[in-house]
Amino acid sequence: MQAETEAEAAMTQRNLGIAAVLALAGMSVAAQADPLSAGQRMAERFLQGDVDAIWSASTPEMQQAFGSVGNLAALHDDLLADFGAEDTILSERMDAQADHDVYTRVSRWTQAPAPLELVIAFDGADRIAGFFIRPRPVAAPSRFLDYQTKATLRLPVDGEWFVYWGGRDIQDNYHAVDVGQRFALDLLVMRDGQSHSGDPSRLESYHCWGRPILAPAGGVVLRAVDGLPDQPIGASDPENPAGNHIVIDFGNDEYGFLAHLRQGSVRVARGDAVAAGQEIGLCGNSGNTSEPHLHFHMQTSPRLGQGEGLPAQFTNYQANGTPVNRGEPRKGQSIQPAE
């Protein structure tokens with residue numbers, strides 16, 4: 001990504017497994033007494049060279065991604081050859097995601113120019129379902145950190161939604177590594193601590209599935225894509241990352257992107273004028289996504305992958321029950337328009 005420093009870019013990224021599972025998912029805590037300790041134990045075993053323990057604890061899909069125990073051993077040996085030994089642990093945490101607990105360990109290494117991040121994802125049966133080692137991501141530089149949104153934005157949804165990714169820091173918002181999506185939001189609906197109920201393989205089980213998506217401000221539709229299929233849970237469409245989506249010109253070189261809409265739900269076309277709060281589509285699971293949600297971001301260009309991300313300051317909403325006259329929603333907040 002553009003956010004990497006020269007030193008980080010020079011480091012060989014070790015990326016095995018299903019990193020996509022970490023990109024976005026709802027919350028569901030795996031059943032274990034101390035998830036953080038489980039992550040610590042597996043990290044220590046790998047770093048000590050006990051690759052057999054990692055292999056035996058991995059899902060069949062993870063084993064297929066590794067290829068063989070020999071490949072896993074080679075990964076360990078190459079890591080030590082390139083970066084030396086782990087020196088100082090900077091941080092450890094366990095994040096609950098949909099049917100996964102994700103352990104993240106950031107540490108300094110004796111021969112590495114920047115900290116390394118070790119990530120291990122555990123499925124609901126406490127098996128390793130994702131594994132990678134990479135230079136620690138850093139937020140993309142931005143000349144818009146003090147920018148004040150010119151459009152008067154309302155939330156693009158009604159009712160209570162949960163900010164899964166949002167904010168300006170990497171720990172709150174993985175989008176921040178990308179120049180264009182520097183201030184993006186991912187929104188879903190949580191009930192009883194989960195983004196779904198019933199069969200998690202069914203799109204209809206997700207609380208935000210089919211919920212109305214609204215124009216956050218008045219403007220003109222520049223792009224409206226509606227023909228892409230909604231992806232089954234566990235699949236994605238990286239060739240069409242935004243899936244069915246709408247791009248709105250709010251004026252003043254502010255362009256809003258609303259992505260992952262449900263196939264056949266887009267209610268506007270290129271050239272249409274829209275008003276704030278107008279229903280423009282339904283929440284879906286099209287594009288490069290791991291479960292139904294709404295992605296929203298603003299940037300300086302109407303073309304995805306071009307331009308620079310802009311902060312989106314919404315007006316007149318509640319965050320965790322507290323009124324906000326104007327603000328930027330952050331990861332972990334429950335938000336809804338003010339009454």
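Here are a few questions and answers about this predicted model.

Q: Why is Asn173 called buried?
A: The cut-off for buried is under 20% relative accessible area. Asn173 comes in at 0%, so the label buried applies.

Q: Where does Asn173 lie, and what does it touch?
A: Asn173 is in the loop between β6 and β7. Leaving out residues up to four places away in sequence, Asn173 touches Trp165, Gly166, Gly167, Arg182, Phe183 and Ala184.

Q: What makes a set of residues a nonpolar core, and how many residues has the largest one here?
A: The members must be buried residues of the Ala, Val, Leu, Ile, Met, Phe, Trp, Tyr or Cys kind, joined through side-chain atoms within 4.5 Å. The largest such set has 41 residues, and Trp161, Ile213 and Ile280 have the most contacts inside it.

Q: Which strands each supply at least two residues of this core?
A: That would be β6 (161-165), β7 (185-188), β10 (244-251), β11 (254-261), β14 (294-299) and β16 (314-319). With five residues, β6 gives the most.

Q: What does Ile280 touch?
A: Setting aside residues up to four places away in sequence, its contacts include Ile213, Leu214, Ile246, Ile248, Leu258 and Val268. Ser265 and Arg267 are also among them.

Q: What about the chain as a whole: how many helices and strands, and what share is buried?
A: The chain has five helices and 18 strands, and buried residues make up 50% of its 339 residues.

Conventions. Residues numbered from 1 in each chain as written. Predicted model: local features only at pLDDT ≥ 70, side-chain atom pairs only at ≥ 80, totals over all residues. Heavy atoms only, no water. Helix = DSSP H or I, 4+ residues; strand = E, 2+ residues; numbered from the N terminus. Buried < 20%, exposed > 50% of the residue type's maximum accessible area, 1.4 Å probe, protein only. Contact = heavy atoms within 4.5 Å.
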